[in-house]
Amino acid sequence: MRRVRNFSIIAHIDHGKSTLADRFIQQAGLVSERELGEQMLDNLDIERERGITIKSQTVNLPYTAPDGSAYELNLIDTPGHVDFSYEVSRALASCEGVLLLVDASQGVQAQTVANLYAALEHDLVILPVINKIDLPVADIPRAREQIESDLGLDGSAAWQVSGKTGVGVPELLQAIVEHIPPPQDRSQEPLQALIFDAHYDAFRGAVISCRVFAGRVRPGDEIRLMSTGRNYRVEEVGVFRLKRVPREELAAGDVGYLIAGIKTVSDTRVGDTITLAEQPAAAPLPGFREMKPVVFSSLYPIASDDYLSLADALEKYKLNDAALTYQKDSSAALGQGFRCGFLGLLHLEIVQERLEREFDQAILMTAPSVQYRFTLNDGTQVVIDNPAHYPDPGSIRKAEEPYIRATIISPDRYLGALMKLCLDRRGTNSDLQFLSPGRAQLRFDLPLGEVIYDFYDRLKSVTQGYGSFDYELIDYRESDLCKLDILVNGERVDALSIIVFRERARARALVACERLKEEIPRQQFKIAIQGAIGGQIIARSTVQPYRKDVTAKCYGGDVTRKRKLLEKQKKGKKRMKLVGDVEIPQSAFVAVLKTDED
Amino acid sequence: MPRHLATRSAAEPTEPARPTPPSSATAQADSRADCGLYVHVPFCASKCPYCAFASEVRSDLMEAWAGAVLREAAAQAGRWGGFDTLYLGGGTPSLLPPRLLERLLSGLRRVFRFATDCETTLEANPGDVDRERIGAWRASGINRLSLGIQSFSDPELEFLGRRHDAQRARRALDLAREAGFRNLGLDLVYGWRGQDEDTLCGTLAEVVRFGPEHVSCYQLTIEEGTPFFIRNKSRPLLASEEEQANRFLLLSEVLGAGGFEHYEVSNFARGAHFRSRHNQKYWARVPTLGLGPAAHSFDGSRRAWNVRSLEGYLRSLGEGGTGREGEEALDERQARTERILLGLRTCDGVRLDVLSASAREKALSKFVPQLLLRVRAGRLCPTPRGMLLADRLALELCE
């Protein structure tokens, strides 16, 4: 059996995970120093721009130890955002150990802690690593201390590296070999391989990333996906070395890819177990669950004619994103569109951006909503994720909304502001712990609906960037809800409705009307914006009409300038949706959710 | 004040309400006799604090400038059929020594063909007008003066940083009439914060009483790179939009009652005959050639612009260059956008068939009932309120 080590790097955002991974790739000789300019594993534009990893990636690194023995180190790069925590858990389940990266200048952050818990849950060997030691502001003793106090690990044993300069990296590679245990040799048992990711290849269909725990799999084998019971014929197996490198087989302990004529990634399930059809494993690997969307929003083409083109784009996009759900939706104001479900707001933004950039769609999205649960007078229960389907208020016996348990870590000087923020968002059941002098961990139960929109931005803002945030869904709790409608020039715009906590309805309506006033451009006529619950108007604002819009002088030299300005304005108009007589920009549909805290 | 920069363009009717040939029949500059010639005179005795036009406070380069303009003219000679307007704008053309002006004009006449009734305009600062000079202007063929009066109120003239006072302005007008100018235009500026409405009305009353053939009323605009731009940052200089709109409508009514036709956003004439023949070419997209620094040209399909700075312009022509800095060929869509945005500035509007079907529908079902536009002889024409929103309407109707 080959000498294999499977590991992952876990880190808070911006703690240098991708840079360190790139450094490993370069030291393994897969790329030259010269090619190292761009981060290798973050393939999507959005990933590079935002500095986060969205898709899991793996790379198989050949490594020769100082004693001359050859190893294969499988690095499984995990998504770096709370929206994708299930994928993270499956990637971690595929490893024997992790490098827990701590930025020498920033210390331990909330996500570091969350990741540590995840790693502990999988019984992984944890190597603490202090990264970015080349920074002038690096505070290594403090990082060590936090590793001890916040994480309960041996800070004095932490490796010190700089992914950027490469300092300490050879030592770290050797530490991986020495400290992370090799996988168990179970190659004689029936095949059990864990799917931890899949991506779509236009020519080959779904390319599954998997970790083989038991048995072997080769091209020609008939495999079965245990959750669906469907069988496929394996066409190719191999490992990723930035590109696919075919192998004769994947055996217990290996991490690699598998292509089996599976048409789309939606036919695969992250967390599912692959076995052989002829000699199936007795049971799937533990931990499988369906990924469920928690945030919902409707998506409409800006121009109604583009509905079919959007449908087509969504279908193509979905080939590569099993987590997105969508179904037809229609709005009196916006026409035909789709109701989509997302793992979280980041996921939503990613889908929106990729549809716009990669599929060239001009779209607007309505304010994101969570799933509410209503028990009606006749005892039936309905789940609503779209304000348009809000039940008749008279028929509601009980309303419930989803809650999360939030964990916030921040320097303690921001505690007052953080408490206020959480209480404003209807937080309850708070719990405060001091992790180390000056650093506090605050926990709160919060309605998910209060968190999805701008909670994270607000949190960053009140803590001047030092606060960090993680959450898990806990349960549904009874609540007093109502639907807030928005009327534009007397017409109810269904796509602007939001479900709100009744006690805050008027305050929310006032803010929404003011925000919309800022977002909706002036026209030649007055535009009234009203907030209403049922038939009752509870807030109002007015967009004043243009009185004058003309340049005083337009002679020879002014014509070109004027035309160019007009062409630019025209482009902006194309991004707006005409509702009745009023042009509403995309930003307005999300603005109704904005709070007045800033 | 400088404005008109030259161009060449497609043929479109200068007389608006008349049916016009389809745009494909537009003629290029070299085959028409009604092109306009603009000469930019980039010299001022002092810079007004609101003006961003290309001009310099120096006189030592006037000779060099005139030579360069004539060289540029010679290089353009074959490309332009004939001109029926010549406009000397600036800057301050009235600063030119009369002998130099005479030399420039006769030089241009040697190079280009001009119609016998060519409208020949000189922009003049009231402070430069005296009997001797004005006689020289007439003698050299200037038949229209555009006087930068701005206001008949001394405090307002001081606010605007002008070097003349109201008395001087009145005298300039009288001298012009005395010298036999039968086509006189004057410029006014209005619309700053705190401008007294009675004072503005006083100026308008005096304008009506004097009875020029043409009045341009410019809403004060804050231009980047001017002293007003800097002052505006700490304290807003412009009146509110509401107030500006009301002033605009007031002007339109007062001058209308005084016998002036409001024929373009900022321009009024005592009957169609006295509209600025030259400036109408810009709005109707008739070819115009612009000579001098920063001047623009339009030959019917391309727009071109000259180097903006005087030194750069002189250098270019001194080295055998064209003085041009850039040019742009217009495609059909851009040409249509221009027709709409320029047409909607004038009372003659834009031909209905220039608009797309949906834009036409929008205009007829929305903007006509809102009294912003009206239909006359197959054209969509803005009302004064429509003119106030001309840029907005153009945006709505360019599809």
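Which domains does the domain assignment of chain B give?

A: The model is predicted. For chain B, the assignment gives domain 1, covering 23-284, and domain 2, covering 331-399. Between the C-alpha centres of domain 1 of chain B and domain 2 of chain B there are 27 Å. The contact of these two domains takes 9 residues from domain 1 of chain B and 8 residues from domain 2 of chain B. On the domain 1 side, the elements that give two or more residues are helix 8 (241-257) and strand 7 (261-264) of chain B. Helix 8 of chain B supplies the largest share of that side, 4 residues. By class, the side of domain 1 of chain B that touches domain 2 of chain B has 6 nonpolar residues, 2 polar and 1 charged.

Chain B also touches chain A. That contact draws 21 residues from chain A and 43 residues from chain B. The chain A side divides into 7 nonpolar, 6 polar and 8 charged residues.

Chain A itself is divided into domain 1 (4-179), domain 2 (192-276), domain 3 (295-365), domain 4 (372-479) and domain 5 (482-591). For domain 2 of chain A and domain 5 of chain A, the C-alpha centres are 50 Å apart.

Helix 9 (residues 415-424) of chain A and helix 11 (residues 455-462) of chain A have axes that come within 9 Å and cross at roughly 160 degrees. Because angles over 145 degrees count as roughly antiparallel, helix 9 of chain A is roughly antiparallel to helix 11 of chain A. Their crossing is right-handed. Helix 9 of chain A makes the contact through A:A417, A:L418 and A:L421, and helix 11 of chain A through A:R458, A:L459 and A:V462. By class, this contact has 5 nonpolar residues, no polar ones and 1 charged.

Chain A also has paired strands. Strand 27 (residues 481-488) of chain A runs antiparallel to strand 30 (residues 527-533) of chain A, and 4 bridges join them. Here A:L487 stands opposite A:Q530 of strand 30 of chain A. Strand 30 of chain A also pairs with strand 31 (residues 536-543) of chain A, in the antiparallel sense, over 7 bridges. In this pairing A:I533 has A:Q536 of strand 31 of chain A as its bridge partner. The hairpin of strand 30 and strand 31 of chain A has 2 residues between the strands, and A:G534 takes a positive phi near 60 degrees there.

Key. Residues numbered from 1 in each chain as written. Chains lettered and ligands numbered in written order. Predicted model: local features only at pLDDT ≥ 70, side-chain atom pairs only at ≥ 80, totals over all residues. Pairing = 2+ DSSP bridges. Contact = placed C-beta atoms within 7 Å. Nonpolar A, V, L, I, M, F, W, Y, C, P; charged D, E, K, R; others polar. Domains from an automatic or database assignment. Axes fitted to C-alpha atoms, helices over the stretch in contact; angles between N-to-C directions. Parallel < 35°, antiparallel > 145°, perpendicular 65-115°, else oblique. Left-handed = near helix turned anticlockwise from the far one by under 90°.
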